Amino acid sequence: MASTLPRKSAAVAWIPPEGSVNLGTGVPVVFDGNHDFSIGLWVQFDAAAPDVTLVTQENILLLKLQNGYLSAQFVGQITPVRSQEPLLPGQHYVVLTYAATGVRAGQMTLYVNGVLVGQAVISNIGAASTLPITVGGGEATLALWALNFYDIALAESAASYNWSPGAAADGLVASFCFCNVPANEPIADLPFTWAGGAEQRIRTSAMRFPGMGWVSPVPAAPVTASGAAYTIQAAVYLPYAAEQSGAIFGMGQVDLGSGVALRIGPGSGGGVLSVLHGTTSLVASGALDPEAWHNVAVTFDGTMLRLYADGDLVASVAAAPLAVAPATSVIAGAEPIADAPGVDMPFTGSIQTVDLWNIALTASQLEQYASALPFEEEGCIASFDLAEFSVDQVSQVSLISVNGPLPGTLYVPVPRGLSGESAGAASFAREKGRLLAGASALPPYRPTLPITERDIEKAIAGLKAILPAHTPQAVRQAAIAGQRAALEQAQAAVARGERLPGTFSYGYEGDHASIYFHDVDGDYEVLRFARDAVTPCGLWYISLGSTILFGILGILGVPLSSQKVSQAVSRYFTRYPRAAMAAATVLQEEISARSIVAFVRLLYQTGGFKSLITSLLKELSFWDFLFFSASLLVTFLELVVPNPSTAAWLAFMLTKITLFVAQLILVWNDQPPGCLSSGQVRIGTPLPIG
């Protein structure tokens, strides 16, 4: 059967250690030390501390990773410019700029993900050359989305990780785009060539299941669909489809005939899709190709059970409605059963998404949601995104991986028969070999600075400190293990260049600076300042303070939407800029639990926090407000009353706190230099957006 790419996929130049991409001699930049230039590239590597060439013109200029450290060196330059810290495995936006200040003299600067990591004034360097420019080669495999060349030294704002060159970008003279075809016309026809096994592949990310373990909500979420009508749709990768079997997704109690399991079984030439609906079994005709992505689904409308694979109806049978038994939870990567250990049929392969509906989707709807996120769509009760920090994007319930499944990256061949826009993206580098100017599409994920092992240990220590002394030892151990797993999943997500929902960040565009709120349904600009009205440290403190505030509100159960968050942040900083400065000063003294409490108290005392809470709650009905108040009271009592907490409640609260800690770590790591010193914060009045 045909392959179907999952929602999150992008064409890349895949360059193995022995491979390279030769860009030829026509790139209009000169590395003679007398001319300004910049090189920017979106790149990913998965090896730790690699030695690998990024960009080079032989014996003239070398930009590489050396034991994981980014370094750049001209011919004649004795010591390379080098980053102070190694780059962790994952996706990064790397920029090298050179500003000439005299004859064969100038300043070289390195940026990683928008942060200046190395700089030096150098002299007696560079030389004119007619040798080709090449990419790749060394000890690690590279994935390259785009490679841009400029005849100017880019400013720091243009090196930001959330910046992308447009068709009229200043100084842009060439852009090799492997992930998408720019809309504008080529300025030069400069073919490049592959060598040593380098080729175009499709990058996808997913949760890898090793034939053991599963993923389930924490705590168990009431998302089991009714047996009267439902749809289960999933994006799966089958590495050993002809040899392995397992359950992609299950709900109810499958072994007692009161559940549903969507399965893959061994078959001739590939994996065979099947579903067990109570005691009714339905098996697909035909097999799914191994080593390929597939979109699979089962629908039940009350009378007919149907199986779909890659958009095709592959089996159907009449069936009766099913009384789905209550279970601990729905499960991805296995199926729930009544007997110990509670799960069976572990899956081997990768899963990117699983959507659960309480209606039967049509074939055209299944095709639509194979690529589109069913966010806020009527009938969708859960959308599990296993490619990111694991969360149900509909109900916002956190997920936990048990006994082995971990997120990872897959590079698969360009599928045969690709059509439409995807075909253009996939065939561009392989067939046309053209050098284009203009918009280099951003990769599907935005890189950020990493969560380190030290961050995780500090976070775990903090979580241990807040556990009540009367917590049973078994509950304590299970809770800490669960939180470590959640933080490690967050670490893996960030290593892949993903932003966690609920975080704030800052960036520059043109003559203004902005604050962005990152949510599951997209990124929102919530504040805009004139560029000279706010310092980088001021922007960072706004990001940090907003993440703290809304993280606490999220833990307490305040209903937050992206629109409400945007309105609240904009209203507060417009009306209370001096209070924001004072709050930043409180945080500046010491980032600790005490300073966070003082920060929130100060916001309340200045009127801003009260105004913000009012705006967030004003749309609630009386009963909503009563429920919200009761939940706050219960949360408070659970924290302070010396009665043993239930394991489920403790896991639920600690999962929320863990996400909050991970969010704080990310924003903390976005800190510009010098922000813990006095005099670095200036926050002016925001500009209108739009």
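View 1. A nonpolar core is here a set of buried Ala, Val, Leu, Ile, Met, Phe, Trp, Tyr and Cys residues joined through side-chain atoms within 4.5 Å, and buried means under 20% relative accessible area, whereas exposed means over 50% and partly exposed covers what lies in between, with a 1.4 Å probe and protein chains only. In soluble globular proteins, nonpolar side chains tend to be buried together. The model is predicted, so that local features need pLDDT of at least 70 and side-chain atom pairs count only at pLDDT 80 or more, while totals for chains, interfaces and linings use all residues. Residues are numbered from 1 along each chain as its sequence is written, and side-chain values use heavy atoms, with hydrogens and water left out.

**View 2. The surroundings of Ile39.** Contact means heavy atoms within 4.5 Å, and, once neighbours within four places in sequence are left aside, Ile39 is in contact with Phe31, Val55, Leu61, Val94, Val95, Leu96, Leu147, Asn148 and Phe149. For the protein chain as a whole, among contacts between residues at least 6 apart in sequence, 72% join residues at least 24 apart.

View 3. Helices (H or I, at least four residues) and strands (E, at least two) are DSSP runs, numbered from the N terminus, and two strands pair if DSSP finds at least two bridges between them. E3 and E8 run antiparallel and are joined by nine bridges, with Thr97 in E8 as the bridge partner of Ser38. E8 also pairs with strand E9 (residues 105-112), in the antiparallel sense and over eight bridges, and here Gly102 stands opposite Ala105 in E9. E8 and E9 form a hairpin with two residues between them, and Arg104 in the turn has a positive phi of about 50°.

View 4. The structure holds eleven aromatic pairs, where rings of Phe, Tyr and Trp (its six-membered ring) pair if their centres lie within 6.5 Å, and planes under 30 degrees apart count as stacked, over 60 as edge-to-face and the rest as tilted. The ring centres of Trp42 and Tyr93 are 4.7 Å apart and their planes lie at 25°, so this pair is stacked. Because Trp42 lies in strand E3 (residues 37-45) and Tyr93 in strand E8 (residues 90-102), the pair ties together parts that are 51 residues apart in sequence. Trp42 counts as buried at 3% relative accessibility, and Tyr93 counts as buried at 0%. Phe209 and Phe347 form an edge-to-face pair, with 6.1 Å from centre to centre and 65° between the planes. Phe209 belongs to strand E15 (residues 199-210) and Phe347 to the loop between strand E27 (343-344) and strand E28 (348-357), 138 residues apart, and both Phe209 and Phe347 are buried.

**View 5. An aromatic cluster and two charges over rings.** Phe31, Phe37, Phe74 and Tyr98 form one aromatic cluster. A charge sits over a ring if NZ of Lys or CZ of Arg is within 6 Å of the ring centre and within 35 degrees of the ring normal. The charged end of Arg82 sits over the ring of Tyr69, 4.1 Å from its centre, and Arg201 lies over the face of Trp14, at 3.5 Å from the ring centre.

**View 6. An open sheet of seven strands.** The seven strands follow the order E7-E6-E5-E4-E11-E2-E14, and their pairing is antiparallel. Strand E7 (81-82) and strand E14 (193-195) are the edge strands, each of which pairs on one side only. Strand E6 (residues 69-74) and E7 run antiparallel and are joined by two bridges, and Ala72 stands opposite Val81 in E7.

**View 7. The loop position of Gly136.** Gly136 has its place in the loop between strand E11 (133-135) and strand E12 (142-150), and at 11% relative accessibility Gly136 counts as buried. The C-alpha atoms of Gly136 and Thr53 are separated by 5.0 Å, although these residues are 83 residues apart along the chain. Leaving aside neighbours within four places in sequence, Gly136 is in contact with Ile15, Gly19, Ser20, Thr53, Leu54 and Leu142.
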